[in-house]
Structure formats: structure tokens, C-alpha cells
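Hi everyone, thanks for coming. I'd like to walk you through one model today, so please have a look at the screen.

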Amino acid sequence: MDTKNWVSDYKNFTSNQPFVIAGPCSAESPEQLLTIAQSLKALDISIMRAGIWKPRTRPNSFEGMGETALKWMADIKQKTGLAFATEVANPTHVELALKAGIDILWIGARTTVNPFSVQEIADALKGTDKIVLVKNPINPDLSLWIGALERLHRAGIKKLGAIHRGFSSFQKSRFRNQPLWQIPLELKTLHPDIPLIGDPSHIAGNRDLIFEVSQKALDLDYDGLMIETHPDPDKALSDAQQQVTPEVLKEILSQLRVSERSSSNALFINHLEALREKIDHIDQELIETLSTRMKMIEKIGDYKKDNHVTVFQLERWNEIMQTRPEWAKLALLSPDFIRELYKIIHDESIRIQTEIMNKTSEPEK
Ligand code: PEP
Ligand code: MN
């Protein structure tokens, strides 16, 4: 997709701070918004988020201040020079947000799942040069996420971005929404031109995990973070547990390790090249070893076939799953990693042996 990278318009490259969008889950009052806006200015943050139409799971929860809050945002924007971001879920929201001069619009996780809604929003946005961010859908479906970005792109939106807010799961986990990092990383691989913003607040669901999730996102080379910030988080009308005060945000930002994407230092480049050559060599050896192992598997397959014995041998599989993680520990490798690796090796071994079993034997002459 031919898109424009808009992050550099907002990121202050002189500060060693990640690009951050901060602000409350929901706009609650003009006072709350102004307080937080002033704190963000002091932290050198230039984009403030605030939800005004809140998609809530149950109808009796706080559903946002709606249109009224757009006026508060416009006033604060004028007073402070901050840019504003809010969620839109239908064409009416888009129209009102554009009229109020909102700078960045984002599509929420519950909307990204519905191509009809996304298309309506894309049509309503035609002709604007606003930044539009798309949160991942609540279900782990990369195509839906990319599909939403494509619909916006086809409507002429050039300043796009993706927000990784994690995925709903039935399974209990430490996180409110499981991060499933491989999905946003795949998006980044397919569309390196689209800025990827981490949303540690909605992944974590709990303010104690915000730092950890933010650091992980930066280590994976995300372009920025969106962190819910509230003057009095415990009293917040939505997402109270995951919001942090501006003081805590300041602390988090000061502790985050921001690494350079690359270095032009010649010594660094030479040394990295030398290390990579060694890795290439080790990988060749690894592949040769795997090939030797698979050849042995073929012999075993032939032998089982000749003796009319089944491919899958439960006892042997149990023994492998017991011993290999133990050997891994002695070699200072993660037993979980080796367990997963052996599952893949075993699948391939079963495939090879099944192929041998199914081969019709040469007719006897
Ligand atoms: C939000 O950003 O407050 C929000 C409702 O997010 P999501 O769409 O990720 O649930
Ligand atoms: Mn929220």
C-alpha cells in the first residue's frame, strides 16, 4: 500500500522517548480533559486520546459523553495545541469528529471485525487527509485487520496506522486480551510501511503490566504506544484498572529502553556481519543434522513396514517428550522451546513414515 509515514510529524526525535499517544479511556468532563492535557504537554506528548462513544459489552455501563465532549476537545486543542484522537464506529461519528477538527480517528476492535461497518466508515472518510488507525479485530484474524486497512486505503486514506490491542480469548491468562505477538509481527512483515502502535493498556487490562507489555512492543520495533492515562484512574468511568496517572506514565516512559532500529557505525556493522556469518554456518549444520535424522526415520519407516508395526509408537513418543526437555535443561535451553520443536519434528517424522507405509511395494518379478 502506498502510505505516508505520519509518525515523524509527531515524534520528538530529540527526546529519547518512544512515540506516545496518551489520555483517558473516556472523556468524562472538561476539567478531567484539561488536567490530563496539561500533564501530557509537560511530558512532551503531542497527541491526546479520549473515547467519547464507548463500545461497552453490557448496556448498563457508561457509554461515553458523545457529541458534547467534542466541544471540550476542540477547546483544549485550541488552548494547548495538542492533537486529538478518538474512536469512530459509524459514519455519523466520522462526520461529527471531522466537523469538530479531531486529528486522528481510530476504528475500535469491535468494529474492525465487521467489514460492513468498516466500509461505511471508509466511505464517510473519503476525501479527508486525516490519520486513521485500525485496532486489531477482537478475534485473531490477520486478514480482517488487513482487510480493514485496505478498505481505508481504497477510500484514499494515505495516513494509516495499526493498533495492536490484543485478542479476546476464552482461556484464562495474565492478560485481559492475549497479545499473540506473531500476528502484529506478520502484519509488520507484510506491510512495513504502516506504522504499528502497541496498546499495552487493553492488552494488559491491569496497570501493573503496562511497563512489561510496552517494553516488549518496543523490543519488537513497534513505532509507538497508546497508553490510557487518567488523573484519578480508580475513579475512571471506564477501564479503571488499566489506566495510569500522568506521574506513573512519566515513570514508565523514563524506564523504557528505546533501541535504535540500526546503527551506521562501521565497527558495529562489521561485527554484526561477522556474527551473522557464524549463525549462517550453524544453521547449515542444523539443517544437515535434521536431514541425517530424517534419513534415519526413513530406515525406521521401512523396518516398521516390513514388520507390520504401526507408525505411531506411544511409549517411544512419551520417552522423547520426557528426555529431550531434560537434555535441553542441561544444555541451558528452554525445555518448553525444545518440547515445541520436537512436536514439529515428530509431525514430520510421522508424515515421512506414513508416506513409506502407503507406498505400494514394487510388484515382484
Ligand atoms: C479503547 O481504546 O478505549 C477501546 C474501547 O479499545 P478497544 O477497541 O481496543 O477495545
Ligand atoms: Mn479503554
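Before going on, some housekeeping. This is a predicted model, where local features need pLDDT of at least 70 and side-chain atom pairs count only at pLDDT 80 or more, while totals for chains, interfaces and linings use all residues. Residues are numbered from 1 along each chain as its sequence is written, chains are lettered from A and ligands numbered from 1 in the order in which they are written, and side-chain values use heavy atoms, with hydrogens and water left out.

Back to Asp44. You'll find Asp44 in the loop between helix 2 (30-42) and strand 2 (47-49); helices (H or I, at least four residues) and strands (E, at least two) are DSSP runs, numbered from the N terminus. Its phi is positive, about 70°, although Asp44 is not a glycine. Most residues other than glycine have a negative phi. His308 is another case, with a positive phi near 55°. His308 sits in the loop between helix 12 (266-306) and helix 13 (314-330), and it counts as exposed because its relative accessible area is 76%.

Now the overall layout. The chain is divided into domain 1 (7-255) and domain 2 (266-358), with bounds from an automatic or database domain assignment. The centres of the two domains, taken over C-alpha atoms, are 43 Å apart.

On to the metal. Which residues coordinate the manganese ion, ligand 2? They are Cys25 through SG, His202 through NE2, Glu228 through OE and Asp239 through OD, at 2.1 to 2.4 Å. Donors here are N, O and S atoms within 2.8 Å of the metal (3.2 Å for Na, K and Ca), and water is not among the atoms, so sites may look incomplete. Along the chain, the donors follow the spacing C-x176-H-x25-E-x10-D. Glu228 is in strand 8 (residues 224-228), and Asp239, eleven residues apart from it, is in the loop between strand 8 and helix 11 (246-255). Both Glu228 and Asp239 are buried.

That loop also holds His230. His230 counts as buried because its relative accessibility is 3%. Its side chain makes a polar contact of 3.1 Å with the side chain of Glu28. A polar contact is a pair of N or O atoms within 3.5 Å; within protein, one must be able to donate a hydrogen and the other to accept it, and residues adjacent in sequence count only if both atoms are side-chain atoms.

Finally, ligand 1. The residues surrounding ligand 1 include Cys25, Trp106, His202 and Glu228, where near means a heavy atom within 4 Å. How does the shell divide? There are three nonpolar, two polar and seven charged residues. An oxygen atom of ligand 1 is 2.8 Å from an N or O atom in the side chain of Lys135, and one is 2.9 Å from a polar backbone atom of Ala109.

Technical notes
Nonpolar A, V, L, I, M, F, W, Y, C, P; charged D, E, K, R; others polar. Buried < 20%, exposed > 50% of the residue type's maximum accessible area, 1.4 Å probe, protein only.
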